Amino acid sequence: MESITKIRDHRIDILRGLSLIGIILVNANTMNSPPWMHTQGFAFIQSNWDAFVADNLFALFAKKTYPVFAFLFGFSASIFISHLLQNQKSIRFWYQRMLALSLFGILQVSLIWWGDILIDY
């Protein structure tokens, strides 16, 4: 019989992956444009079709994927901490993990793209 720490609910991973795809689709405009154009909309809109696609991507994904991702982050954190406590491991590992994610977020925002979410969480 597997221990409780070996059981993983893949539905959480699937939902997380889908929400990340939605977040990437919503942020395509800011990934494609310089930071000062972020408030001016999509940099690549050149026709009515471009505007239609951009508006529908925003309407379908913007207000739905962020809350799902935030919920899953908190839900996964509670599972992670409960597994640490069940196995009598130090909560220090949780803080090390959060520090590593923060450092990754700082590197990402410094070197890859200015729009970061890791530090916010």
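## Surface and overall fold

The protein chain has an accessible surface of about 9,000 Å², and 67% of that belongs to carbon and sulfur atoms. Areas here come from the Shrake-Rupley method with a 1.4 Å probe, and for residues only the protein chains shown count as cover. Please keep in mind that this is a predicted model: local features need pLDDT of at least 70, side-chain atom pairs count only at pLDDT 80 or more, and totals for chains, interfaces and linings use all residues. Residues are numbered from 1 along each chain as its sequence is written, and side-chain values use heavy atoms, with hydrogens and water left out.

The protein chain holds 4 helices and 0 strands, in the order α-α-α-α from the N terminus on. Helices (H or I, at least four residues) and strands (E, at least two) are DSSP runs, numbered from the N terminus. Of the 121 residues, 22% count as buried; buried means under 20% relative accessible area, exposed over 50%, and partly exposed in between (1.4 Å probe, protein chains only). Looking at contacts (heavy atoms within 4.5 Å), residues 24 or more positions apart account for 55% of those with a separation of 6 or more.

## A nonpolar patch

Ile14, Leu15, Leu18, Ile21, Leu25 and Val68 form a nonpolar patch on the surface, and together they have about 520 Å² of accessible area. Patches are made of residues with over 30% relative accessible area and no salt bridge; like charges are joined within 9 Å, and nonpolar side chains (Val, Leu, Ile, Met, Phe, Trp, Tyr) within 5 Å.

Helix H1 (residues 10-26) gives the most to this patch, with 5 residues. Val68, by contrast, is found in helix H3 (residues 48-86). Val68 counts as partly exposed because its relative accessibility is 34%.

A search of the whole structure finds 2 salt bridges, each defined as a side-chain nitrogen of Lys or Arg within 4 Å of a carboxyl oxygen of Asp or Glu. Side chains of opposite charge can pair when their charged atoms come close. One of the bridges joins Asp9 and Arg11, with the closest N and O atoms 2.9 Å apart. Asp9 is partly exposed at 32% relative accessibility, while Arg11 is exposed at 59%.

The other bridge links Arg16 with Asp13, and here the closest N and O atoms are 3.0 Å apart. Arg16 and Asp13 are 3 residues apart in helix H1, so about one helical turn separates them. Both are partly exposed: Arg16 has a relative accessibility of 22%, and Asp13 has a relative accessible area of 25%.

The structure holds 4 aromatic pairs. Rings of Phe, Tyr and Trp (its six-membered ring) pair if their centres lie within 6.5 Å; planes under 30 degrees apart count as stacked, over 60 as edge-to-face and the rest as tilted. Trp49 and Phe52 form a stacked pair, 5.5 Å centre to centre with 25° between the planes. Both lie in helix H3, 3 residues apart, which is about one turn of the helix. Trp49 is exposed, with a relative accessible area of 57%, and Phe52 is partly exposed at 47%.

Phe71 and Phe75 form a stacked pair as well, with 5.9 Å between centres and 15° between the planes. They are 4 residues apart in helix H3, so about one helical turn lies between them. Phe71 counts as exposed because its relative accessibility is 54%, whereas Phe75, at 35%, counts as partly exposed.

## An aromatic cluster and a loop residue

Which residues do ring pairs link into a cluster? They are Phe80, Phe93 and Trp94.

Gln88 has a positive phi of about 55° although it is not a glycine. Gln88 has its place in the loop between H3 and helix H4 (92-111). With a relative accessible area of 75%, Gln88 is exposed.
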